[in-house]
Amino acid sequence: MYTEKVMDHFMNPRNVGEIEDASGVGEVGNAKCGDIMKMFLKINDDGIIEDVKFKTFGCGSAIASSSMASELIKGKSIQEAMEITNKAVAEALDGLPPIKMHCSVLAEQAIKAALLDYSEKNNIHIEGLEGFDFDEDLH
């Protein structure tokens, strides 16, 4: 049912924890399934995500999606991180069962929520955030 990559990221999640002086923090959740993701970003003056940590309360797919999403954006620019979609997270995990695709959506939303927090704290505009819907149905 689960790919080897999903199992690896669930059993050995990367970048777990929090960043005390994070540049941006985003928390998203889904009341229907109970998954909650919190993403912490450390962004340098050049707009590069130097560090990323996450805390996730949820199923194995949610933890694996958070772990993979953190790996996909670490060392990337803000714009590169904005281009990460839930499909990219799922593909990087070699797929998720259809009933668990909402976990990859949650990971994309957590990244964008943290970037939104960063943009508001620093009074900067990030292209693509203005129309992002954090309340879209995840199922």
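Which residues have the most contacts inside the largest nonpolar core? In this predicted model, they are M39, L41, I73, I111 and L115, in a core of 34 residues. Two or more residues each are given to this core by β2 (36-43), β3 (49-57), α2 (60-73), α3 (78-82), α4 (86-92) and α5 (101-122). The largest share, nine residues, is supplied by α5.

The pairing of α2 with α5 deserves a look of its own. The axes of these two helices come within 8 Å and cross at roughly 40 degrees; α2 and α5 are therefore oblique to each other. The crossing in which α2 passes α5 is right-handed. On the α2 side, the residues that meet α5 are S61, A62, S65, S66, A69 and I73, and their counterparts in α5 are C103, S104, A107 and I111. Sorted by class, this contact holds six nonpolar and four polar residues, with no charged ones.

E18 sits between α1 (4-11) and β1 (24-29), and counts as partly exposed because its relative accessibility is 40%. Not counting residues up to four places away in sequence, E18 touches F40, K53 and K55. Although E18 and V52 are 34 residues apart along the chain, 8.1 Å separates their C-alpha atoms.

Terms used
Residues are numbered from 1 along each chain as its sequence is written. This is a predicted model: local features need pLDDT of at least 70, side-chain atom pairs count only at pLDDT 80 or more; totals for chains, interfaces and linings use all residues. Side-chain values use heavy atoms; hydrogens and water are left out. A nonpolar core is a set of buried Ala, Val, Leu, Ile, Met, Phe, Trp, Tyr and Cys residues joined through side-chain atoms within 4.5 Å. Buried means under 20% relative accessible area, exposed over 50%, partly exposed in between (1.4 Å probe, protein chains only). Helices (H or I, at least four residues) and strands (E, at least two) are DSSP runs, numbered from the N terminus. Axes are lines fitted to C-alpha atoms, for helices over the stretch in contact, and angles run from 0 to 180 degrees between N-to-C directions. Angles under 35 degrees count as roughly parallel, over 145 as roughly antiparallel, 65 to 115 as roughly perpendicular and the rest as oblique. A crossing is left-handed if the near helix is turned anticlockwise from the far one by less than a right angle, and right-handed if clockwise. Contact means heavy atoms within 4.5 Å. Ala, Val, Leu, Ile, Met, Phe, Trp, Tyr, Cys and Pro count as nonpolar, Asp, Glu, Lys and Arg as charged, and the others, Gly among them, as polar.
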